[in-house]
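Q: I am new to this structure and would ask for a close look at one part, the nonpolar core. Please describe this part and the elements around it in one connected account.

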Amino acid sequence: MLTIDSLTAGYDGGTVLHGLDVEIPLGAVHAVVGHNGAGKTTLIHTVAGLVAASSGRVVVDGGDVTRLPAHRRARAGVGLVPQGRRVFPNLTVQEHLTLAFGRGGRRRDRAAEWTPESVKALLPRLAERAGHRGRQLSGGEQQMLAIARALLGQPRLLLLDEPTEGLAPLLVQDIASLIKRLPERGLTVLLAAPQPTFAASVADRVTILVAGRAAEEFSAETLREKPELAALAMGHAGAGHEIGAGEAAAR
């Protein structure tokens, strides 16, 4: 579903991502993990079209979208849940959903896969809070609303930028449960997360970013069994060869 090939990108002449390669099959959840400044958000924004690639390619479902603007990538099936949620404080939950559906729900010739009713069925808390305004929602409810709003754009590839930021542990569990259910609905997910433990709990594979480079890629099963490998990769970008050999042995 997503191929990131030798991707280089950055801001104002500075390079953040350095020749990054990531491959995500259809229906998979792939997490990128790293310290602040490692390039996680830059990667998400480059795939979404908010940051221009300096070189390399972004291919979604076989189509090269590297030079397409963000709105055309959205039409091609790329949905973004930004860091910080960014809900409208004065709009109700229902108004958020109606607005998002009006913009994205009729992009395809066939009937929309996601409707306000179906996202409320997936996220019943939103149905309970349908009349509440954005500013009246808890952080977890705002995150659920941000995800619901993205789903109403009818994406095939969903980008999640640190969706558990600032949430209490119980709410983190709720978001984790939701992410794990998304592939059942035909979605492929690229997730940026600061903590490898959370990433390994929801993803199929995890890429460790260090200074904009892929230090190592692990199966989530390997990280659950040997969490120290992620800490080693995050602390030592040059340790990739030894870590890779360790994962191969673990398989």
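A: Contact, in what follows, means that heavy atoms lie within 4.5 Å. The model is predicted, and every value given here is computed from it.

Neighbours within four places in sequence set aside, isoleucine 179 is in contact with Val29, Leu160, Pro163, Leu191, Phe198 and Val202. Isoleucine 179 also belongs to the largest nonpolar core, a set of 51 residues. Together with Leu151, Leu158, Leu160, Leu191, Val206 and Ile208, Ile179 is among the residues with the most contacts inside this core. The element that gives the most to the core is H6, with 7 residues. Domain 1 (2-77 + 155-250) and domain 2 (85-154) both contribute residues, so the core lies between them. Apart from this core lies another, of 27 residues, which includes Ala48, Leu157, Leu159 and Leu190. As a general matter, nonpolar side chains in soluble globular proteins tend to be buried together.

The two domains come from the domain assignment of the protein. Their C-alpha centres are 24 Å apart, and 19 residues from domain 1 and 15 residues from domain 2 take part in the contact.

Helix H6 covers residues 139-151, 13 residues in all. From its first C-alpha to its last, H6 reaches 19 Å, close to the 18 Å expected at 1.5 Å a residue. Of the 13 residues in H6, 12 are buried, and the helix is thus mostly covered. Among the buried residues are Met144, Leu145, Ile147 and Leu151, but also Glu141, Gln142, Gln143 and Arg149.

The relative accessible area of threonine 164 is 16%, and buried means under 20%, so threonine 164 is buried. Threonine 164 touches Val172, Ile175 and Phe198, residues up to four places away in sequence not being counted. Phe198 is also one of the contacts of isoleucine 179.

Helix H8 (residues 196-202) holds alanine 200. Alanine 200 has 3% relative accessibility and therefore counts as buried.

Six strands form an open sheet in the order S6-S7-S8-S3-S9-S10, with mixed pairing. Strand S6 (78-81) and strand S10 (213-219) are the edge strands, each pairing on one side only. On average, and with direction ignored, neighbouring strands of this sheet are turned by 20 degrees against each other. In general, the strands of a sheet pair through backbone hydrogen bonds, either parallel or antiparallel. Strand S9 (residues 205-210) and S10 run antiparallel and are joined by 6 bridges.

Helix H1 (residues 40-48) lies across strand S3 (29-33), S6, strand S7 (157-161), strand S8 (188-193) and S9. Its direction is at about 150 degrees to that of S7. H1 is mostly covered, with 8 of its 9 residues buried. Those buried residues include Leu43, Ile44, Val47 and Ala48, as well as Lys40 and His45. Ala48 belongs to the core of 27 residues. Just after H1, glycine 49 takes a positive phi of about 95 degrees.

Strand S1 (residues 2-11) and strand S4 (residues 53-60) run antiparallel, joined by 6 bridges, and isoleucine 4 has valine 58 as its bridge partner in S4. S4 also pairs with strand S5 (residues 63-64), in the antiparallel sense and over 2 bridges; here valine 59 stands opposite aspartate 64. S4 and S5 form a hairpin with 2 residues between them, and aspartate 61 in the turn has a positive phi of about 55 degrees.

Conventions
Residues numbered from 1 in each chain as written. Predicted model: local features only at pLDDT ≥ 70, side-chain atom pairs only at ≥ 80, totals over all residues. Heavy atoms only, no water. Helix = DSSP H or I, 4+ residues; strand = E, 2+ residues; numbered from the N terminus. Expected span 1.5 Å × (residues − 1). Buried < 20%, exposed > 50% of the residue type's maximum accessible area, 1.4 Å probe, protein only. Pairing = 2+ DSSP bridges. Axes fitted to C-alpha atoms, helices over the stretch in contact; angles between N-to-C directions. Core = buried A, V, L, I, M, F, W, Y, C linked by side-chain atoms within 4.5 Å. Domains from an automatic or database assignment.
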